Amino acid sequence: MTGRIPDSFIQDLLARSDIVEIIGTRVELKRAGKELKGLSPFTHEKSPSFFVSPAKQMFFDFSSGKNGNAI
């Protein structure tokens, strides 16, 4: 298909990306067990509700319900 990014390219890009490094440039993360937590970049809360899982290479924000990966 013209204009479509191949799935193999996306998977290779995700394999080479470190979500902690990417998000850590914008959000101050602190260790919380196996995960890291920080203040939500989507809302203006005062307590950490944004979690990043290095093992799964994903994030989840409990305050906004948003989640995703490095892309």
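At 49% relative accessibility, Ile5 counts as partly exposed, where buried means under 20% relative accessible area, exposed over 50%, and partly exposed in between (1.4 Å probe, protein chains only). The model is predicted, so that local features need pLDDT of at least 70 and side-chain atom pairs count only at pLDDT 80 or more, while totals for chains, interfaces and linings use all residues. Residues are numbered from 1 along each chain as its sequence is written, and side-chain values use heavy atoms, with hydrogens and water left out.

Ile5 lies in the segment before helix H1 (7-16), helices (H or I, at least four residues) and strands (E, at least two) being DSSP runs numbered from the N terminus. Together with Phe9, Leu13 and Ile71, Ile5 makes a nonpolar surface patch of about 410 Å². Helix H1 also contains both Arg16 and Asp12, which are four residues apart, about one turn of the helix. These two residues form a salt bridge in which the closest N and O atoms are 2.6 Å apart, the term denoting a side-chain nitrogen of Lys or Arg within 4 Å of a carboxyl oxygen of Asp or Glu. The structure holds one salt bridge; of its partners, Arg16 is exposed at 69% relative accessibility, whereas Asp12 is partly exposed at 34%.

The largest nonpolar core has eight residues, namely Ile19, Ile23, Val27, Leu29, Leu36, Phe50, Val52 and Phe59. Helix H2 (19-24) and strand E3 each supply at least two residues of this core, a nonpolar core being a set of buried Ala, Val, Leu, Ile, Met, Phe, Trp, Tyr and Cys residues joined through side-chain atoms within 4.5 Å.

Strands E3 and E4 pair in the antiparallel sense over four bridges, pairing being assigned if DSSP finds at least two bridges between two strands. Phe50 has Asp61 in E4 as its bridge partner. In a regular strand the side chains alternate between the two faces of the sheet. In E4, Phe59 and Asp61 belong to the covered face, and Met58 and Phe60 to the uncovered one.

The hairpin of E3 and E4 has four residues between the strands, and Gln57 there takes a positive phi near 55 degrees. Most residues other than glycine have a negative phi. Gln57 is partly exposed, with a relative accessible area of 23%. E4 is also joined by two bridges to strand E5 (residues 67-68), in an antiparallel arrangement, with Phe60 standing opposite Asn67. Five residues separate E4 and E5 in their hairpin, where Gly65 in the turn has a positive phi of about 80 degrees.

Definitions and conventions: Patches are made of residues with over 30% relative accessible area and no salt bridge: like charges are joined within 9 Å, nonpolar side chains (Val, Leu, Ile, Met, Phe, Trp, Tyr) within 5 Å. Accessible areas come from the Shrake-Rupley method with a 1.4 Å probe; for residues, only the protein chains shown count as cover.
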